[in-house]
Amino acid sequence: MTFSARKVAAVAALCAALAGCGGGTGSSGTGSSGTGAPSAGRAAAAATPSAAAPARPSPGHASAGASGAPRPAGSHPAQAPAAPAPGKAPTLAPGPGGLTPVFARAVNTADKVVALTFDADMTADQGPRARGGERFDNPPLIATLRRLKVPSTVFMTGRWAEEYPDQARSIGTDPLFEIANHSYSHYAFREPCYGLPALDTAAARADVDRAFEAFRRAGARNTVPYFRFPGGCYDDDALRALSVAGVTAVQWDVVSGDAFAKDPVAVAEQVIDGVRPGSVVVMHCTRSAAPVTEAAIRRIVPELRARGYRFVKVSDLVGR
């Protein structure tokens, strides 16, 4: 498989951001090359978008379909969405062996709909950096999404909700947004993962529960049973650890390239060029790691609307 230089650069930037936002001390040793570490391919979800929504995709490789690429060994067929309770967000049925299902894009739709997702990253050990003035939040971004009336899904860490409880409550009580789980600690659920500290199986499940509890304590009500792995890194052991949590893991098919980017126009073009019906775009809600995201949104939203796209939350895509 070959990638354009532009997409490789976007993937590299995302990998760097995930290490930086996670407080890692360096590369996983394989993340930049993608060799020898499935996690590197998984984190590079948008390099070649999947043509199906499998229960366990390998986002670094395309599933069989429009892309013509083979489905990776060990992947599983798509699972039908479970019927949601009234007023509840839909989830996917468990995969083989009860593995947590994974959603990356709504493939069974011709509607021009796209979900913008924003990772609010903060690790459990970054309190001193926040006290020193580093900003892991991005109020101007949230204000712009509100002004432009863009429904969005924020994948929030529990530690972020604790650091910014007023913002977590504001986002989590605004019907324009939904809050999904990005773990409590933003530590890795498999190794290697761009230098992030790793959790064992028991700690991984507890980490997810702790994040939901942090949202509850902050007063966020609009929470959904979706989970995004820190660094995008996961394997069957990680999916098995989450199986009793009742969540659907959500990846992405479009990498925005906003991580540590300096040019909002390049970020916007990366998104606009990559979006197709049913896409999930990964971006960041962290000023220190993604300083031009708000400016990029001001270009992305009107351009995609001019092309006939409608913005929806992830919960609006999962059941498609």
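Reply: Let us start with a definition: a residue is buried if its relative accessible area is under 20%, exposed if it is over 50%, and partly exposed in between, using a 1.4 Å probe and protein chains only. At 23% relative accessibility, Arg-276 counts as partly exposed.

Me: What kind of model am I looking at, and how are its residues numbered?

Reply: This is a predicted model, in which local features need pLDDT of at least 70 and side-chain atom pairs count only at pLDDT 80 or more, while totals for chains, interfaces and linings use all residues. Residues are numbered from 1 along each chain as its sequence is written, and side-chain values use heavy atoms, leaving out hydrogens and water.

Me: Which residues of E10 lie on each side?

Reply: The general idea is that in a regular strand the side chains alternate between the two faces of the sheet. Here, Ser-279, Val-281 and Met-283 are on one side of E10, with Val-280, Val-282 and His-284 on the other; both faces are covered, and these residues are all buried.

Me: How many bridges join E4 to E10?

Reply: Strands pair if DSSP finds at least two bridges between them. Strand E4 (residues 113-120) runs parallel to E10, and 6 bridges join the two; one partner pair is Ala-115 with Val-280 of E10. Strand E9 (residues 254-255) is also parallel to E10, joined by 2 bridges, and here Val-255 has Val-282 as its bridge partner in E10.

Me: Which elements make a β-α-β unit?

Reply: Picture the strands pointing away from you: a crossover is right-handed if the path from the first strand over the helix to the second runs clockwise. E9, helix H9 (residues 264-274) and E10 form a right-handed unit of this kind.

Me: How many disulfides does the structure hold?

Reply: A disulfide is a covalent bond between the sulfur atoms of two cysteines. The working rule is a pair of cysteine sulfur atoms within 2.5 Å, and the structure holds 1. Cys-193 and Cys-233 are the two partners, with an S to S distance of 2.2 Å. The pair links distant parts of the chain, 40 residues apart: Cys-193 is in the loop between strand E6 (177-181) and helix H7 (201-218), and Cys-233 is in the loop between strand E7 (223-227) and helix H8 (236-241). Relative accessibility is 2% for Cys-193, which is buried, and 0% for Cys-233, which is buried too.

Me: How many salt bridges are counted?

Reply: Side chains of opposite charge can pair when their charged atoms come close. With a salt bridge taken as a side-chain nitrogen of Lys or Arg within 4 Å of a carboxyl oxygen of Asp or Glu, the count comes to 16. In one of them, Asp-174 meets Arg-146 at 2.7 Å, N to O. Asp-174 is buried at 16%, whereas Arg-146 is partly exposed at 30%.

Me: Where do Asp-253 and Arg-276 lie?

Reply: Their side chains form a salt bridge at 4.0 Å, N to O. Asp-253 is in the loop between strand E8 (248-250) and E9, and Arg-276 in the loop between H9 and E10, so the pair ties together parts 23 residues apart in sequence. There is also a network in which salt bridges with shared partners join Glu-162, Glu-213, Arg-216 and Arg-217.

Me: To finish, which residues is Leu-242 in contact with?

Reply: Contact means heavy atoms within 4.5 Å. Leaving aside neighbours within four places in sequence, Leu-242 is in contact with Thr-100, Phe-189, Val-208, Phe-227, Phe-229 and Val-247. Leu-242 sits in the loop between H8 and E8 and is buried, at 0% relative accessibility.

Definitions and conventions:
Helices (H or I, at least four residues) and strands (E, at least two) are DSSP runs, numbered from the N terminus.
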